[in-house]
Amino acid sequence: DAARSFAEGRLMKVAAAVDKRQEIPQEIVQKLGDMGFLGMMVPTAYGGAGMDTLAYTLAIEEIGRGCASTAVMMSVQNSLYLASVWGFASEPQRQEFLVPYASGRLLG
């Protein structure tokens, strides 16, 4: 419900501008981070939301309905960057490269 509400209430209003400027506003990125959408499947101990793949899939589908570019950024953050770090990093690397990214403070 949170992803759908955000997509309908905020993203649909800015999607055309995002595509035209080829830039996602920082306020959108910050809100996605605050909502836990930029580290969905990362355990909470590492700053993520600790959700499962189904929750991630449903959220990204809703975000994509609102703004495809924002969904791609969210997908890259979760699937390419964070999943790779989680799967292959040592514990010290996880601390360094998961924690600030899973919270959405930084993008990978």
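Is Trp 86 buried, partly exposed or exposed? Trp 86 is partly exposed, at a relative accessible area of 32%. Keep in mind that this is a predicted model.

**Aromatic pairs**

Searching the whole structure turns up two aromatic pairs. One of them joins Tyr 46 and Trp 86 in an edge-to-face arrangement. The centres are 5.3 Å apart, and the planes make an angle of 70°. Planes over 60 degrees apart count as edge-to-face, so the label follows from the angle. Tyr 46 sits in the loop between α2 (26-34) and α3 (53-66), while Trp 86 belongs to helix α4 (residues 68-88). The pair therefore ties together parts that are 40 residues apart in sequence. Tyr 46 is buried, at 10% relative accessibility.

Tyr 81 and Tyr 101 also pair, with ring centres 4.7 Å apart. Their planes meet at 45°, so this pair is tilted. Tyr 81 is in helix α4 and Tyr 101 is in helix α6 (residues 99-102), so parts 20 residues apart in sequence are tied together.

| Residue | Relative accessible area | Class |
|---|---|---|
| Tyr 46 | 10% | buried |
| Tyr 81 | 18% | buried |
| Tyr 101 | 16% | buried |

**A charge over a ring**

Which charged end sits over the ring of Trp 86? That of Arg 94 does, at 3.8 Å from the ring centre. Arg 94 is part of helix α5 (residues 91-97). With 17% relative accessibility, Arg 94 counts as buried. The cut-off for buried is under 20%, which is why that value qualifies.

Leaving out residues up to four places away in sequence, Arg 94 touches Tyr 46, Val 85, Trp 86, Ala 89 and Val 99. Both members of the edge-to-face pair, Tyr 46 and Trp 86, are among these contacts. Arg 94 and Tyr 46 are 48 residues apart in sequence, yet their C-alpha atoms are 7.7 Å apart in space.

**Packing of α3 on α4**

How do α3 and α4 cross? Their axes come within 6 Å and cross at roughly 150°. That makes the two helices roughly antiparallel. On the α3 side, the contact is made by Tyr 56, Ala 59, Ile 60, Ile 63, Gly 64 and Gly 66. On the α4 side, it is made by Ala 68, Thr 70, Ala 71, Met 74, Ser 75, Asn 78 and Ser 79. Seven residues of this contact are nonpolar, six are polar and none is charged.

Thr 70 of helix α4 deserves a separate look. Thr 70 counts as buried, at 0% relative accessibility. Beyond neighbours within four places in sequence, Thr 70 is in contact with Leu 11, Ile 24, Ile 28, Leu 32 and Ile 63. Of these contacts, Ile 63 is an α3 residue that takes part in the contact with α4.

**Exposed positions**

Leu 54 lies in helix α3. Leu 54 is exposed, at 56% relative accessibility. Leu 54 and Met 41 are 13 residues apart in sequence, with 9.8 Å between their C-alpha atoms.

Gln 22 is in the loop between α1 (2-21) and α2. Phi of Gln 22 is near 55°, a positive value in a residue other than glycine. Is Gln 22 buried or exposed? Gln 22 is exposed, with a relative accessible area of 73%.

Technical notes:
Residues numbered from 1 in each chain as written. Predicted model: local features only at pLDDT ≥ 70, side-chain atom pairs only at ≥ 80, totals over all residues. Heavy atoms only, no water. Phe/Tyr/Trp six-rings, centres within 6.5 Å; stacked < 30°, edge-to-face > 60°. Helix = DSSP H or I, 4+ residues; strand = E, 2+ residues; numbered from the N terminus. Buried < 20%, exposed > 50% of the residue type's maximum accessible area, 1.4 Å probe, protein only. Lys NZ or Arg CZ within 6 Å of the ring centre and 35° of its normal. Axes fitted to C-alpha atoms, helices over the stretch in contact; angles between N-to-C directions. Parallel < 35°, antiparallel > 145°, perpendicular 65-115°, else oblique. Contact = heavy atoms within 4.5 Å. Nonpolar A, V, L, I, M, F, W, Y, C, P; charged D, E, K, R; others polar.
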